[in-house]
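Biologist: Please show me the model, and I will ask what lies behind the words used for it.

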Amino acid sequence: MIIDFRSDTVTKPSKPMLEAMMQAKVGDDVFGEDATVNELESFAATMFGMEASLYCASGTMTNQIAIKAHTQPGDEIICDVLSHIYQYEGGGIAFNSGCSVKLISGNRGRITALQVEESINNFQDVHKPISKLVSLENTANRGGGSCYDFKEIKNIQQVCTNNQLSFHLDGARLFNAIIAKNETAEQYGKTFDTISICLSKGLGAPVGSILLGNKTIIQKARRIRKVFGGGMRQAGIIAAAGLYALQNNIDRLAQDHHHAQLIYQTLQQKDFIGEILPVETNIIIFEVKGKYTAQQMVELLKEKNILAIAISSSHIRFVIHLDITESMVQKTIDVLQKL
Ligand SMILES: *Cc1c(COP(=O)(O)O)cnc(C)c1O
């Protein structure tokens, strides 16, 4: 038995999910004829109370398409320094959209309305790039799965409205935040111009992300997706897994959060564990000190068939997901207690 905490992307499709894929009605999605993709896109849009959505190959693609759709080359994007769009998308902001970035040092990946306001360039000053887009991440991956206070999101929305900035959400793990904070998809749909959600993280689908927005921006996004090489044909085969995930795997995220708490409590008791970021959802980021380096601890765990990633020389990340069972959590706790 391998217990894989490296990422919530390692999940494999369950039997009923595979069954849904086998039954999927398909067609050529570039012609708009794939019934399952169409159903997934309208299901997601309805869920968020938004006009339209677009099924894409990855969360990097949905984010990058959104950035391209909102900007012109030379514009500037405002985001936290730890943002996935900046740190983990291969420099795509520059490569795909020719934009620069104003980085904010937030609190565990979360920025404030005041910080956004202070980061906006004076439009009259020809020296400065034009501030065009604010992008938030919820939950914030490098913040240890931290969740925004929705009131602050509303404050940032107001700053965007006042300054004619577009407002994008990288919601790769948005459902983790919605479950943890008892929120709804609709409240996010009312707030952002575009939202990216991942089906292949905590929701357990093998592939896929969705970009949500109004009809105009999604039409533009569909064109950009084609240019980026992301037009897929009988994509209903994989979209069926995404639809299954949205219909069945959201409420169960609470279980992952509970498992994260149990492991967190064990880590707190160990003297070679230093700072642990507050565990709000399914991610645990902790410091290793004293008798082990982070890499040594990763190797010791690996000997016990427990996989994790050292995200720096001193920190390890555990991500809980739907293929982590209660007995795996128990075994992990036993192993940690003996280290
Ligand atoms: C995983 C992730 C993405 C998208 O990643 P892909 O692997 O391209 O699907 C985007 N944002 C965040 C915060 C993520 O964790």
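Modeller: Helix α11 is mostly covered, with 10 of its 13 residues buried. This is a predicted model, in which local features need pLDDT of at least 70 and side-chain atom pairs count only at pLDDT 80 or more, while totals for chains, interfaces and linings use all residues. Residues are numbered from 1 along each chain as its sequence is written, and side-chain values use heavy atoms, with hydrogens and water left out.

Biologist: Which residues of α11 are buried, and what do they pack against?

Modeller: Buried means under 20% relative accessible area, exposed means over 50%, and partly exposed is in between (1.4 Å probe, protein chains only). Among the buried residues of α11 are G236, I238, Y244 and L246. The buried residues pack against α1, α2, β2, α8, β7 and β8; contact here means heavy atoms within 4.5 Å.

Biologist: Why is T194 called buried?

Modeller: T194 has 1% relative accessibility, and the cut-off is under 20%, so T194 counts as buried. T194 sits in strand β7.

Biologist: What makes the pair T194 and H70 a polar contact?

Modeller: A polar contact is a pair of N or O atoms within 3.5 Å; within protein, one must be able to donate a hydrogen and the other to accept it, and residues adjacent in sequence count only if both atoms are side-chain atoms. The side chains of T194 and H70 make such a contact at 2.8 Å.

Biologist: Which backbone atom lies 2.9 Å from a polar atom of the side chain of S209?

Modeller: The backbone nitrogen of G59 does. S209 is also in contact with residues including L54, Y55 and I197, leaving aside neighbours within four places in sequence.

Biologist: What makes a set of residues a nonpolar core?

Modeller: A nonpolar core is a set of buried Ala, Val, Leu, Ile, Met, Phe, Trp, Tyr and Cys residues joined through side-chain atoms within 4.5 Å. The largest such core has 54 residues, and F48 and L246 have the most contacts inside it. α11 gives the most to this core, with 8 residues. Apart from it lies another core, of 30 residues, with I273 and V298 among them.

Biologist: Which residues come nearest to the ligand?

Modeller: Of the 13 residues around the ligand, G59, T60, D170, R173 and K201 come nearest; a residue is near if one of its heavy atoms lies within 4 Å. An N or O atom in the side chain of D170 is 2.6 Å from a nitrogen atom of the ligand. A polar side-chain atom of K201 lies 2.8 Å from an oxygen atom of the ligand.

Definitions and conventions:
Helix = DSSP H or I, 4+ residues; strand = E, 2+ residues; numbered from the N terminus.
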